[in-house]
Amino acid sequence: MAGRARGDPRVVLSYLILAAGSLVVAFPFFWMVASSLKPLAEIFDVRFLPTQPTIENYAEVLTRTQFPRWFANSLIIAAITTVSVAFFDALVGYALAKLQFPGRGLIFVLILATLMIPTEMLVIPWYIMSSANGWINTYWGIMFPGLITAFGIFLIRQFMSGVPDELLDAGRIDGVGEFGLFWRIALPQVKPAMAALCIFTFLGNWNAFLWPMIVIQTPNMRTLPVGLALFSGEAGSSWNLIMAGSALAIIPVLLVFLVLQRQIIEGIVLTGLRN
Amino acid sequence: MATQVAAARPLRRGLRIGQQRALWAYLFLAVPLLFFAGIRILPAISSLYISVHEWNIVSPNRPYVGGANFQTLAADPRFARAAINTVRYVLVGIPAQMVLGLGLALLLQRIVRFRGLFRALYFMPFITPIVAASWVWQWMYSVHLGPLNKILQAVGLPAQGFLRDPGQALYAVAAMVVWQYLGFQVVIFLAGLEAIPRVYLEAAEVDGATGWRLFWRITLPLLNPTLVFSAVYSTIVYLQLFTQVLNMTFQDQGGPLASTLTLVLYVYQLGFQRFKMGEAAAATAILFVVILAITLLQMRILSKPVEY
């Protein structure tokens, strides 16, 4: 298969189809960026490219709306959640893979079983709980459901199982404490899995919508997706502003993707096929 | 006596170390276990409890009503609409996504140069924030001002209603969801294809199998585990569609004549806009059972051993 000649018509056809397909897939991105650069007068033009590109829309979104605040809210929430998930998921994954204790199997099955519960089923009790405890409209209220994940525990446990016991025993002989064994010896062994977990947790929280939409009540507490969803109220339904706002939400994610592309795609394969 | 003590000591110390390690393990697990109990398991039970009560957030009176919430749902045409639509999203979206994804993966496998570039391009929508993508698609579908109708008219085709047409809206939303998950599907299939041992394909080629025969008889059966994973994962995603639907049909929340309404959007409207928490919880209980059943069923059907 690999030895197929360059001019093979089937290979040429493959390139053509793939190129046409990627144009279709990329068109929404192109449309978004092109529109975000159009001045208001041109926004409803048939033209695909702006005749007089302007960054006015971006300036307006950043200065006249609470967009920067939403951006910061999302950043803070995604960052804290990612740190929490990375730490606790790894700790539990390690304990379940490498420590012997009564009830280990039962605890693992129980944690896995929580994966079967859909989020929608939980948002009503979460909302009632948050109302009772004053968590509505707070960072804690937005974050608490995602601070530890069963999926991450499952993933890290799989990888921790591959860490040789001899390594840990050698650490014990050297007098490393139980937490040190986890933190200094086991954790560095599962770096690729941790990287994948961190990237997915960050992206997942950056994009989270259903629960934040329910728990947030004032404009200044909105995360980026919630702010964008309710943007038409703020931006007066101006498509040029909405497109600039959408571009500002998408572009950082795409930059992260370009830099971490290999880890993200390998992570998908890693997590997807291991399930 | 002395030897007995000497023999017992390592044993006792071993036990102590074992117990110590168990204690450490429980210490490591303490916070996460409390978390899962308090944030996942108890709320799930509480949701079932709410589903058999009349539960309005503003009223302190919450009487037990048995199956009344389920009966109200069964009698609500909007619930039936939402359930049927959700099934239609699954039946339309998943085959489209899997066929396109497999086709693209097979094409990508054929080429050497730019493979990474194409894979990255197809993958981009998967990591794009859904709300932002929904805005872009909503505008692309705009009847009078959107680029899609401009393109259609430019090639001499009639303009379409897309999200404004009750007969098309669901498919328009489904197309956006397929766009979003296609790259993910391609990556999974590409990995699955690469995991197929070369010897099988080469042996089949020696036996004279080529093209379609090779694909149907060898590649597809060997891809079975990947197909199972994709089908189960996508079904769960499609059954929980919400963000795309809410954001692409924001003004009327569920499209013209509720033609894009999904179960989760229905739950959101019932529980958080009309504050009928009991009925909303009942609807999520149904969704939970459906997801559970489909997951188990699909795994059984697709994971049947393949006969050669």
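1. Chain B has 13 helices and zero strands. Helices (H or I, at least four residues) and strands (E, at least two) are DSSP runs, numbered from the N terminus. The model is predicted: local features need pLDDT of at least 70, side-chain atom pairs count only at pLDDT 80 or more, and totals for chains, interfaces and linings use all residues. Residues are numbered from 1 along each chain as its sequence is written, while chains are lettered from A and ligands numbered from 1 in the order in which they are written.

2. Look at the overall form of chain B. Its radius of gyration is 27 Å, whereas a compact globule of 308 residues would have one near 19 Å. That radius is taken over C-alpha atoms, and the globule rule is 2.2 Å times the number of residues to the power 0.38. The C-alpha trace of chain B spans about 105 × 75 × 35 Å along its principal axes.

3. Now the inside. In chain B, 38% of the 308 residues count as buried (20 or more other C-beta atoms within 10 Å of a residue's own, with C-beta atoms placed from the backbone). The largest nonpolar core holds 156 residues. Such a core is a set of buried Ala, Val, Leu, Ile, Met, Phe, Trp, Tyr and Cys residues joined through C-beta atoms within 7 Å. Helix H7 (residues 169-194) of chain B gives this core its largest share, 17 residues.

4. Next, the chain contact. Chain A puts in 66 residues and chain B 71 residues. Contact requires C-beta atoms, placed from the backbone, within 7 Å.

Note on methods: Two residues are in contact if their C-beta atoms, placed from the backbone, lie within 7 Å. A residue is buried if 20 or more other C-beta atoms lie within 10 Å of its own, exposed if 12 or fewer, and partly exposed in between; C-beta atoms are placed from the backbone.
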